[in-house]
Each structure stands twice: as structure tokens, then as C-alpha cells.
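Colleague: I am new to this structure. Please pick one part and take me through it closely, then show me what lies around it.

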Amino acid sequence: MTTAAYATLALVPGIGRARLELLLATFGTPDAALDAPFDALCKVAGMSKAAATAVHEATIDLGVSAIARTVAMGGQVLDPSDQAFPAALRDIPDAPVLLFALGDVQ
């Protein structure tokens, strides 16, 4: 999984934790979800046409830019697969799909 692709999906309007998990379960990786044809996105259970359109139109530049801006400020972007992502946050209902952190994340 690339963090940039994951960040892109996480930043797409209308894609929260539930839809992001559905996309990953359906397509396997964030990169595959971003590359998925519009018709395939529309067939994902729980995916509205508006959300499918937003994912289909998203480019990885969205995630790359967000990560670059965060790093330029001295921060980091953490996705749930990152070891620095707080374990307690992975298990709560409606957990964040992405964290932007400044300073020491420990």
C-alpha cells in the first residue's frame, strides 16, 4: 500500500472510514481503488454515485500534495498501517483513517 494513494482516498469528499474499508476490501489496495473503472466503483456496496464519481476523478496528486505540505511543516502523515499510528485509535468506532501529526508522535 502506498501512503499517497491511501491518503488520496482518505481525503476524497464522501469517503469516510466505512467506504474506505469497502474500497480496500473490494479492490485490495488503495492504488487499485484509484485505478478502478467508474462502473466497478458504482458496484461497490454502499457506494453512492457521487462518491464513486469523486473517487474516479481523484488523482494521487491529492495525497502526494497533502503529504508534502505536512512534511514541509515538520509533520508526518500516519495511516493505520503505520507503527506510529496509536493502537488505541485503530480500535475505536469511527476511528480516523488518517492522522496529521506535528512533533514527536511517541
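**A pair in helix α2**

Modeller: E21 and R17 sit 4 residues apart in helix α2, so about one helical turn separates them. Helices here are DSSP runs of H or I with at least four residues, strands are runs of E with at least two, and both are numbered from the N terminus. This is a predicted model: local features need pLDDT of at least 70, side-chain atom pairs count only at pLDDT 80 or more, and totals for chains, interfaces and linings use all residues. Residues are numbered from 1 along each chain as its sequence is written, and side-chain values use heavy atoms, leaving out hydrogens and water.

The side chains of E21 and R17 form a salt bridge, 2.9 Å from N to O. The term requires a side-chain nitrogen of Lys or Arg within 4 Å of a carboxyl oxygen of Asp or Glu. The structure holds 1 salt bridge. E21 is partly exposed, at 42% relative accessibility. R17 is also partly exposed, at 23%. Buried means under 20% relative accessible area, exposed means over 50%, and partly exposed lies in between (1.4 Å probe, protein chains only).

Now the surroundings. L23 touches L9, I15, G28, A33, L41, V44, M47 and V55, leaving aside residues up to four places away in sequence. Contact means heavy atoms within 4.5 Å. The largest nonpolar core has 22 residues, and L23 is among those touching the most other members, along with L9, I15, L20, M47, V55 and L98. Helices α1, α2, α3 and α5 each give this core at least two residues. The largest share, 5 residues, comes from α1. Such a core is a set of buried Ala, Val, Leu, Ile, Met, Phe, Trp, Tyr and Cys residues joined through side-chain atoms within 4.5 Å. In soluble globular proteins, nonpolar side chains tend to be buried together.

One contrast to finish. D79 lies in the loop between β1 (75–78) and α7 (87–90). D79 is buried but has no salt bridge; R90, the nearest side chain of opposite charge, is 7.2 Å away. Lys and Arg count as positive, Asp and Glu as negative, while His and the chain ends are not counted.
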